[in-house]
Amino acid sequence: MKAESGAGPEGIGAEGRAGGGEALRAHAEHAFADELKALAAADDRPRPERWRLSPWAVSTYLLGGALPDGTVITPKYVGPRRLVEVAVTTLATDRALLLLGVPGTAKTWVSEHLAAAVSGDSTLLVQGTAGTPEEAIRYGWNYAELLANGPSRKALVPSPVMRAMADGMTARVEELTRIPADVQDSLITILSEKTLPIPELGQEVQAVRGFNLIATANNRDRGVNELSSALRRRFNTVVLPLPATAEAEVEIVSRRVDQLGRALDLPVGPDGIDEIRRVVTVFRELRDGITTDGRTKLKSPSGTLSTAEAISVVTGGLALAAHFGDGKLRAGDVAAGILGAVVRDPAADRVIWQEYLEAVVRERDGWKDFYRACREVSA
């Protein structure tokens, strides 16, 4: 069997992806290009082959810090430093990385930024769903070329994983446990032998140094398509926790809302921090089943009430404030979003929400406006 390196299609620049205009959401390597460039210039530590930055610089890119020239690297992830360091060093070994956690723990966000910092390209992505075919992980065919001239490398359509193997890059697989088990197992040979056979051509693509793979999975999806023991052994698993404190979660929400607000030209005023803190408090109390003072036990609704959902609620509130208010984020702007996030089961969750409003929110000092706004949208 002949070993060859498969060449991917010509790269499409940031302008091409956006159709000639400004992208609504730029990829991490474009959005933070200045920070990555500054880190590369200041980075004098050893780099694994084909890595754009050293493991130290990749960790700094994710966790934030200040460089000797005064450049400030903004944090992309607020959480335990050791988890990030373990994730980065895993990518420098022959083990793939599995980021595991409940919805909203920034698995996809961390995956994207890791790939951007390590390889300079976060777009070699397979999105896992119940309908993901094996071709999405291995390769497919251009059927017009295949019918006209038979199997050939010209007719072969490489997957993002194949392209990453050939070019020594980092591939990403999102929602791995959503993918059917037989398709998941197509990764076993790739991760163990670092080889992707192409039996139709009597060839194979061998991974070059620098190749690795990051997968994400929701640990609430157990029983959907659990990983086989053979596949799980090929991964080093890092569990991303929910924010440990309310202040950490407020910081995450504030930072991400500010980024989204600037991208969408929404005003983000300093007064908005009070509403962000209230949204985070509501989510944490209902998620934990107890008030922050520990005095009142609560029933938890069926939804996850994740940090990602809090970001969505606040961003939606900013849009309301910008387009239908005076630009200042108020309780009435976030009330409807909170109701939509909490009440997923119209019967059970609505009762839980009403009990929380009457027993907790109504009695809390300084929350009268929030109580009235929530009562209005809940009526």
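Helix α5 lies across β4, β11 (212-218) and β12, and runs at about 165° to β12. This is a predicted model, in which local features need pLDDT of at least 70, side-chain atom pairs count only at pLDDT 80 or more, and totals for chains, interfaces and linings use all residues. Residues are numbered from 1 along each chain as its sequence is written, and side-chain values use heavy atoms, with hydrogens and water left out.

**Sheet**

- Five strands make an open sheet with parallel pairing, in the order β5-β8-β11-β4-β12. Strands (E, at least two residues) and helices (H or I, at least four) are DSSP runs, numbered from the N terminus. Two strands pair if DSSP finds at least two bridges between them.
- β5 (125-127) and β12 (235-239) are the edge strands, each with a single partner strand, so one side of each has no neighbour in the sheet.
- From one strand to the next, the twist averages 20°.
- β5 and strand β8 (residues 170-174) run parallel and are joined by three bridges. Leu125 stands opposite Arg172 in β8.
- Helix α6 (residues 107-119) packs on the sheet and touches β4, β8 and β11. The direction of α6 makes about 170° with that of β8. Contact means heavy atoms within 4.5 Å.

**A residue in strand β4**

- Leu97 sits in strand β4 (residues 96-101).
- Leu97 counts as buried because its relative accessibility is 0%. Buried means under 20% relative accessible area, exposed over 50%, and partly exposed in between (1.4 Å probe, protein chains only).
- Leaving out residues up to four places away in sequence, Leu97 touches residues including Ala87, Leu91, Leu114, Ile214, Phe235 and Val238.
- Leu97 and Glu358 are 261 residues apart in sequence and, C-alpha to C-alpha, 45 Å apart in space.

**Helix pairs**

- Helix α4 (residues 55-63) packs with helix α5 (residues 81-91) at an angle of about 135°, with the axes 10 Å apart. Axes are lines fitted to C-alpha atoms, for helices over the stretch in contact, and angles run from 0 to 180 degrees between N-to-C directions.
- α4 and α5 are therefore oblique to each other. Angles under 35 degrees count as roughly parallel, over 145 as roughly antiparallel, 65 to 115 as roughly perpendicular and the rest as oblique.
- Pro55, Val58, Ser59, Leu62 and Leu63 in α4 meet Arg81, Val84, Glu85 and Val88 in α5. These contact residues divide into six nonpolar, one polar and two charged. Ala, Val, Leu, Ile, Met, Phe, Trp, Tyr, Cys and Pro count as nonpolar, Asp, Glu, Lys and Arg as charged, and the others, Gly among them, as polar.
- The axes of helix α13 (residues 272-288) and helix α16 (residues 348-361) come within 12 Å and cross at roughly 115°.
- Thr281, Val282, Glu285 and Leu286 of α13 make the contact with Ile352, Trp353, Tyr356 and Val360 of α16. Six of the contact residues are nonpolar, one is polar and one is charged.

**Hairpin and enclosed helix**

- Strands β9 (residues 195-198) and β10 (residues 203-206) run antiparallel, joined by four bridges. Leu196 stands opposite Val205 in β10.
- β9 and β10 form a hairpin with four residues between them. Gly202 in the turn has a positive phi of about 65°.
- Helix α8 (residues 160-167) is largely enclosed by the rest of the structure, because six of its eight residues are buried. Among them are Pro160, Met162 and Met165.
- Gly168 follows α8 and has a positive phi, near 65°.
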